[in-house]
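This briefing goes through one protein model by topic. Please look at the sequence and the 3D structure first, then read the points beside them.

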Amino acid sequence: MPNTTVDHQLLRFLITLYKTQSLTTTVTKMAMSLSSGSRYLQHAREVFRDRLFMRSGQKMFPTTEMRRLYPDMEAALDALDKLVGPRFFNPGASRRVYRIASLDCAFTLILEPAINKAKEVAPDLRFEIYPFQTNSFEDLRQGMLDLLIFGYSAPIQENMHKRELGRAPYSLLMRRDHPLLAAAEAPGGLTREDVERYELVAITSAFSSEHQQVRMPWFGDELMNSDLQIPYFLSAAFSVLDSDRIALVPEPLAQLIESRMPDTRSCSFARCTNRYWNPTLFWHERTNAEPEMQWFRGVIENSVHFSTPEKGNPA
């Protein structure tokens, strides 16, 4: 079922873009990143089933449908402002506790930067991070969780909302003197035979298969042997230091680990696969219109800075 959510932030984005005719100016005015603005525009196009804006040179010109919708959008935004006006949210005075389920990869790359950014303007906020489990969606439905970040765009459930935060290719992580690095630097790069010589550290989640093999995104038609399965991406970095094992991790995390742990190295094989990591933010209808939740969801979206491939399949 397609996500047809239209909230205060999306309406304000479209109205600002209509007035400025510039995506860069719009995201600057709304204090969001350019990639977040692009995702907002793509979401709006899906909701309204129209391109809404057409680029010509440096300007974004509204389509006929957007010009037709604009008066209604302004009226809807005014109505929403009146409705939430009495519940104006002042982040600096908030003492809210946000309860979030996430894998450690999403916490490191997305939630920790978002939390630090939020605490700059709301120092009394508190955060409780829980491991993702098979019952996490049920906990979100029952109000035991506020938000959930999962590593792929799971099917949407009743009364749930979701937004994809970004996409990133995978990399292989290994020790700095691993023999596979020489193969990666050779003409033609890594081959299937090169990689299959080594055991893989399998990162498991609540929905992972319990078999002793895991599917490598590089080789969609085969299963690759794994002698070690662990639930933490960051632990994989230590498991490869003293062995010939290799770990499959999202490229932004591999780059971060390599920058902080000089005894590790990573190599990308994005050109050899159409698989990607796409962390997705989930929340319940119950909190969809809450100003505190809208604000923090925006902080999370604006904390994503890794690249977004145009095509590929989630893994």
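Helices (H or I, at least four residues) and strands (E, at least two) are DSSP runs, numbered from the N terminus. With those terms, Gln21 is found in the loop between helix H1 (8-20) and helix H2 (23-29). The model is predicted: local features need pLDDT of at least 70, side-chain atom pairs count only at pLDDT 80 or more, and totals for chains, interfaces and linings use all residues. Residues are numbered from 1 along each chain as its sequence is written, and side-chain values use heavy atoms, with hydrogens and water left out.

**The chain as a whole**

- The chain has 11 helices and 16 strands.
- Buried residues make up 48% of the 315 residues in the chain; buried means under 20% relative accessible area, exposed over 50%, and partly exposed in between (1.4 Å probe, protein chains only).
- Of the contacts in the chain with a separation of 6 or more, 74% are between residues 24 or more positions apart, where contact means heavy atoms within 4.5 Å.

**Confidence**

- The average pLDDT of the chain is 84, and 84% of the residues score at least 70; pLDDT is the predictor's confidence in each residue, from 0 to 100.
- Over residues 210-215 the pLDDT is below 50, and this stretch has 16 contacts in the model beyond near neighbours in sequence.
- Where pLDDT is low, the predicted coordinates should not be read in detail.

- Strand E3 (residues 97-102) runs parallel to E4 and is joined to E4 by 5 bridges, with Tyr98 opposite Phe127 in E4.
- Ser102 is in strand E3 and is buried, with a relative accessible area of 6%.
- The side chain of Ser102 reaches the backbone nitrogen of Phe107 at 3.4 Å.
- Beyond four places in sequence, the contacts of Ser102 include Tyr130, Pro131 and Ile149.

**Nonpolar cores**

- The largest nonpolar core has 62 residues, and those with the most contacts inside it are Ile110, Leu172, Trp277, Phe296 and Ile300. Such a core is a set of buried Ala, Val, Leu, Ile, Met, Phe, Trp, Tyr and Cys residues joined through side-chain atoms within 4.5 Å.
- Helix H5 gives the most to this core, with 8 residues.
- Apart from this core lies another, of 21 residues, among them Leu11, Met32, Met66 and Leu69.
- In helix H10 (residues 251-260), Glu251, Pro252, Leu253, Ala254 and Ile257 are buried, and H5 and strand E7 (170-175) are among the elements that cover the buried residues of H10.

- Lys117 is in helix H5 (residues 104-121) and is partly exposed, with a relative accessible area of 34%.
- Lys117 and Phe296 are 179 residues apart in sequence and 9.9 Å apart in space, C-alpha to C-alpha.
- A polar atom of the Lys117 side chain lies 3.2 Å from the backbone oxygen of Asn302.
- Ser36 is in helix H3 (residues 34-48) and counts as buried, at 0% relative accessibility.
- The side chain of Ser36 makes a polar contact with the side chain of Asn302 (3.4 Å). A polar contact is a pair of N or O atoms within 3.5 Å; within protein, one must be able to donate a hydrogen and the other to accept it, and residues adjacent in sequence count only if both atoms are side-chain atoms.
- Another polar contact, of 2.9 Å, joins the side chains of Ser36 and Ser33.

**Positive phi in loops**

- Gln21 has a positive phi of about 55° although it is not a glycine, and Gln21 is partly exposed at 21% relative accessibility.
- Leu52, in the loop between H3 and strand E1 (53-56), has a positive phi of about 70° and is not a glycine.
- Is Leu52 buried or exposed? Leu52 counts as buried, at 0% relative accessibility.

Technical notes
Pairing = 2+ DSSP bridges.
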